[in-house]
Amino acid sequence: MLGLGLLGPRTRKMRAVLSSLGISIGIATVIMVVGIPASSQRALTDQLSALGTNLLSAQAVLDQDTQTLPPVLKSAGAMVARIPPVEQVSEVANTGAEVRRSPAIPAKDSSGVTVLAAEGYDLPAVIGAHLVAGHYLTASDAAFPTVVLGSVAATWLGITKLPPSQPAPQIWIGSQAFTVVGILAASPLAPEVQQSVLVGWDAARHYLSFDEHPTQLYARVRESQIYAVQSVLAATVYPQNPGQIVVSQPSAALAAKQLTETALSGLFLGLAGVALLVGAVGVANTMIVSVLERRREIGLRRALGATRRQIRGQFLTESVLLCLLGGLAGAAVGVLGTAGYAMSRNWPAVIPIGSVLGGVGAALVVGVLAGVHPAVRASRLPPTEALATV
């Protein structure tokens, strides 16, 4: 039966390939739609495990009446640090200053980079960032005109390296030159820091007329108490009007983004189902044409004693084999595509075995469904009528 089922694909190779193509595309799409989000989820989980899910951010928002930021208490950081579950606190403030790459650039053509004053020297540790070049602000240089660039700000300003053999580059903030002493790596939990240049608290007060009121606060909290601290953080930071403080958990935003991507994968699963349906129609059409072309063969086999059951089995086997070959090819393409995409994004490649087995199983089911009607039609051909076909 297997030999007879392979007769059609062997003698009509191009037709067999084209018939199986729709099945292959559908199965490959199913595996990639399941595998790529799984790889992304694993990468996100690994990233959050490294960065930590216990970071809270409290940010002042504009007053709609005055269009100004509320004057958060200068002691906000110290007050938050006294909350027992809080382990680390770091503050930054938007100074409103403008950044230029050189003094030759007009002030109206500033880079659009935000200038943040950073309190203390532990901001990278709190937000889970590290430096790719130079060093972070220290007690010895934070009072001087020195800056650390966020990863995006460094790209915008064209300063992505700090060669030790060359003088440190400078940027202009207002009318003052600041020396770049460090460049931060990407910090997913604090995207606003990535787009900013960081100056020391004292340097901001001395050179930029900074009023020492923080505009954003980061706090590392014991994970078991994170929701308890989240509920009191706004009132602690700005007791006069807690409604003007937005408290968020940055890791939750990353997880929400992942959920959005997972929701989109449902659309692609639907498209994969359409591809499978088109493939099934293609296989069914091929089998019907095959029955019409091979009527003399069917009549001869019937005349020599083949039963209707054997005729049905022959054509049903051919249909299943066409879909199975397409399914196996699609599974291989899906696995390779998922692995290749994951490697291009530096993600761990996750290939759910269930999706591969399910894809091949779906190909078998499609083969059976697509082959039933042509097989039954072939088995019902009268031998005399089939042999009389020219």
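This is a predicted model: local features need pLDDT of at least 70, side-chain atom pairs count only at pLDDT 80 or more; totals for chains, interfaces and linings use all residues.
**Strand β1**

Strand β1 spans residues 55–60, and five of its six residues are buried, so the strand is largely enclosed by the rest of the structure. Two strands pair with β1, as listed below: β10 and β11.

| Partner of β1 | Residues of partner | Sense | Bridges |
|---|---|---|---|
| β10 | residues 216–221 | antiparallel | five bridges |
| β11 | residues 245–248 | antiparallel | four bridges |

Leu56 has Ala219 as its bridge partner in β10, while Ala60 is bridged to Ile245 in β11.

**Helices α11 and α12**

Helix α11 covers residues 295–303 and helix α12 covers residues 308–344. The two pack at an angle of about 145 degrees, and their axes are 10 Å apart. Their crossing is right-handed. On the α11 side the contact is made by Glu297, Ile298, Arg301 and Arg302; on the α12 side it is made by Arg308, Ile311, Gln314 and Phe315. By class, the residues of this contact comprise four charged, three nonpolar and one polar.

**Val360**

Val360 belongs to helix α13, which runs over residues 353–379. Val360 counts as buried because its relative accessible area is 17%, and the cut-off for buried is under 20%. Apart from neighbours within four places in sequence, the residues in contact with Val360 are Leu324, Gly327, Leu328 and Ala331. Val360 and Ser24 are separated by 336 residues in sequence, yet their C-alpha atoms are 9.8 Å apart in space.

Note on methods: Residues are numbered from 1 along each chain as its sequence is written. Side-chain values use heavy atoms; hydrogens and water are left out. Axes are lines fitted to C-alpha atoms, for helices over the stretch in contact, and angles run from 0 to 180 degrees between N-to-C directions. A crossing is left-handed if the near helix is turned anticlockwise from the far one by less than a right angle, and right-handed if clockwise. Contact means heavy atoms within 4.5 Å. Ala, Val, Leu, Ile, Met, Phe, Trp, Tyr, Cys and Pro count as nonpolar, Asp, Glu, Lys and Arg as charged, and the others, Gly among them, as polar. Buried means under 20% relative accessible area, exposed over 50%, partly exposed in between (1.4 Å probe, protein chains only). Two strands pair if DSSP finds at least two bridges between them.
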